[in-house]
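Please examine the sequence and the three-dimensional structure shown below.

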Amino acid sequence: MSDRPVSEMTFEEAMAELEQVVGQLERGDVALDDSIKLYERGAELKKRCETKLKEAEEKVAAITLDGEGNPAGLTPVEGL
Amino acid sequence: MSDLIDDPSPGLNDPEFSVTELSNAIKRVIEGEFGHVRIRGEVGRVSRPRSGHVYLDLKDDKSVINGVIWKGVASRLQIQPEEGMEVVATGRLTTFGGQSRYQIVIEDMKPAGMGALMAMLEKRKAALAAEGLFAPERKKKLPYLPEIIGVVTSPSGAVIRDILHRLRDRFPRKVLIWPVAVQGDRCAAEVANAINGFNALESGGRIPRPDLLIVARGGGSIEDLWGFNEEIVARAAAASTIPLISAVGHETDTTLIDYVSDRRAPTPTAAAEIAVPVRHELLATLEGQGARMAQALSLGVASRGQRLRDLARALPRPEGLLDGPRQRLDRAGERLPAALQTGVSRRRVHLSEVSGPLRPNMLRARLGQASQRLALHGPRLASGLTRAIERKRDALDRRTDRLDIERVEREVKRRRERFRSIEYSLSEAGRRQTMAWRDHLTALARLRDTLGYKATLKRGYAVVRGDGDLVTTAKQAAKAGALEIQFQDARLTVGDGTASKAESQPAQKKPARKPAPKPAPKPKKDSPDQGSLF
């Protein structure tokens, strides 16, 4: 169990730790108090993952370039 | 010969060209005849001055032609000429009258066949591989779930559509498209610029920085895909700090960028699959994890509850635990008063047993015994001391008798005699040694006399000196102020200051006989040397 705040984790990190938490709980070699703490941590991780998965929004934009090939701005792209 | 001089030659009526006229005539012929040629050859030396024009040589094993590609043409070329490249160039010949030269103005240039193109690619690949750009340890790990995906491709066309569709199916994401030409002469520069441009974006800037790049292009001929074989593209991809997936052409097409990218996708669609995981699968996995976690926890609690109940059942009643000790306490309490009395009376008996014999009479009796022993031994003390002194004195007397002065004297005498005899033989030996040395010295002195120049004087020779130095030549004699001649018996001085002829003549004669006197002075000083010669 790392001390990193869950809210700062990427999806992958949160998922990896969640798997670790589940494994530890399933082995059953954790003290009861700790296992409850673990469960709370796991629930938090799961929520983080779910949030990340819900952020599945498609947004496509094309970069507009100035005359010298440098990015000047964004234009939304639709219908592709 | 004389005919040629006398008669006007037949050619004399031919028109005379000026150099420029001839040069222009040649120009007309050449430019008329070779207004459009295709030429195949190897590119020789290439130079690119600041002007943007490209000057190069085209050659085969025997000949070479200078060529020029004007700036406008050069930027349009599909491939840039490199030394050693086999090419087919199209163009026209022009002359350069000012320098009596001709050259080809190249309007188009293509690699001479696929072989040449591939050979060039191989060369480029080997060079980049040697720099370590393809090394597996350079490959960056792709993010598991990128937030923003940058796609470098043509904004219109099937490729971007395929990518977006597949992303939508799997996991809709934010996508930034950097539009580029994916073929033609602008392709390489634009793609490289796009990769560099994405990397130059700052996270949190106006245009968000992607955390994954896809460089994609659909299938096409090798010439169509050629831009992705250019070195600038490969270098830009290698330098990218954002992980990069290359997806150029079909599965069978491998371009240079595929070697340097962090991951090669066989198609643009596959690139989208590599880029993101499937969302609903992740959701399912996550749900599964959640369920397993809840189950594990409740199982853990339940099993602990069971164990608690089992243990509780095994626990004995608390009252039962105290029964035994309480009984022991009771029993001990009962025995305590009796035990105390018994202990005291046993100790009292012991005291009376021990203190019974302890009385003043007993002490007095022991005192009497001790003073009797003192009275017995006291008188013997003085006589004992006297006896001991006498015994020691006897021992001293006995030893003094054995000390004999005569024996010592005898020993001294014997040693003195021995000393005298050794002393005598020492002086005797010294005398003999001295005598031997004296004999040897006398012999050497005799030898020296016989060898010395003075003996030679007795035989009629003489020694000539001038101004103190030995004179051995007539020249020295002539130079000397005064000559001194040494005979057997004495020395005689001849002349005083100026050498006369009469005096110099004998002086000349004498040196003629002087080989013997000359070495003679030496033995005088160095007789040991002469001795050693023998």
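A:Arg27 is exposed, with a relative accessible area of 58%; the term exposed stands for over 50% relative accessible area, buried for under 20%, and partly exposed for values in between, as found with a 1.4 Å probe on protein chains only. A:Arg27 forms a salt bridge with A:Asp29, and the closest N and O atoms of the two are 3.6 Å apart. A salt bridge here is a side-chain nitrogen of Lys or Arg within 4 Å of a carboxyl oxygen of Asp or Glu. A:Asp29 is likewise exposed, at 54% relative accessible area.

The model is predicted, so local features need pLDDT of at least 70 and side-chain atom pairs count only at pLDDT 80 or more, while totals for chains, interfaces and linings use all residues. Residues are numbered from 1 along each chain as its sequence is written, chains are lettered from A and ligands numbered from 1 in the order in which they are written, and side-chain values use heavy atoms, with hydrogens and water left out.

Over all chains, the structure holds 30 salt bridges. Another of them joins the side chains of A:Arg41 and A:Glu17, at 2.8 Å from N to O. Because A:Arg41 lies in helix α2 (residues 32–54) of chain A and A:Glu17 in helix α1 (residues 11–27) of chain A, this pair ties together parts that are 24 residues apart in sequence. Helices (H or I, at least four residues) and strands (E, at least two) are DSSP runs, numbered from the N terminus. Are these two partners buried or exposed? A:Arg41 counts as buried at 11% relative accessibility, and A:Glu17 is buried with a relative accessible area of 6%.

A further salt bridge is formed by A:Lys46 and B:Glu287, whose closest N and O atoms are 3.8 Å apart. This pair crosses between chains, from helix α2 of chain A, which holds A:Lys46, to helix α10 (residues 279–314) of chain B, which holds B:Glu287. A:Lys46 is buried, at 17% relative accessible area, whereas B:Glu287 is partly exposed, at 41%. Together with A:Glu50, these two residues are linked in a network of salt bridges.

We now turn to chain B. This chain contains 19 helices and 14 strands, and buried residues make up 31% of its 534 residues. Contact means heavy atoms within 4.5 Å. Among contacts in chain B between residues at least 6 apart in sequence, 62% join residues at least 24 apart.

Strands of a sheet pair through backbone hydrogen bonds, either parallel or antiparallel. In chain B, a closed barrel of 5 strands runs β1-β2-β3-β5-β4, with mixed pairing. Two strands are taken to pair if DSSP finds at least two bridges between them. B:Val68 stands opposite B:Val105 in β5 of chain B.

B:Val105 also touches B:Thr94, a residue found in strand β4 (residues 86–96) of chain B. B:Thr94 is buried, with a relative accessible area of 9%.

Helix α9 (residues 268–275) of chain B is mostly covered, since 6 of its 8 residues are buried. These buried residues include B:Pro268, B:Thr269 and B:Ala275. Against which elements do the buried residues of α9 in chain B pack? They pack against β6 (148–153), α5 (158–170), β8 (212–217) and β9 (244–248) of chain B.

On a 1 Å grid over the protein atoms alone, a cavity is a set of points where a 1.4 Å probe fits but cannot get out, and a pocket is an open set with protein on both sides within 12 Å along at least five of seven lines; lining residues have an atom within 4 Å of a point. Grid points are joined across faces, edges and corners, and a volume is the space filled by probe spheres set on the points. The largest pocket holds about 250 Å³ of space. It is lined by 16 residues, and B:Leu77, B:Gln78, B:Gly184, B:Asp185 and B:Glu230 lie nearest its centre. In chain B, α3 (71–76) and α6 (187–200) each supply at least two residues of this lining. A search of the whole structure finds 2 cavities of 30 Å³ or more, and about 50 Å³ of space lies in the largest cavity. Among the residues lining the largest cavity are B:Leu133, B:Arg138 and B:Asp262.

Conventions: Lists of a residue's contacts leave out its neighbours within four places in sequence.
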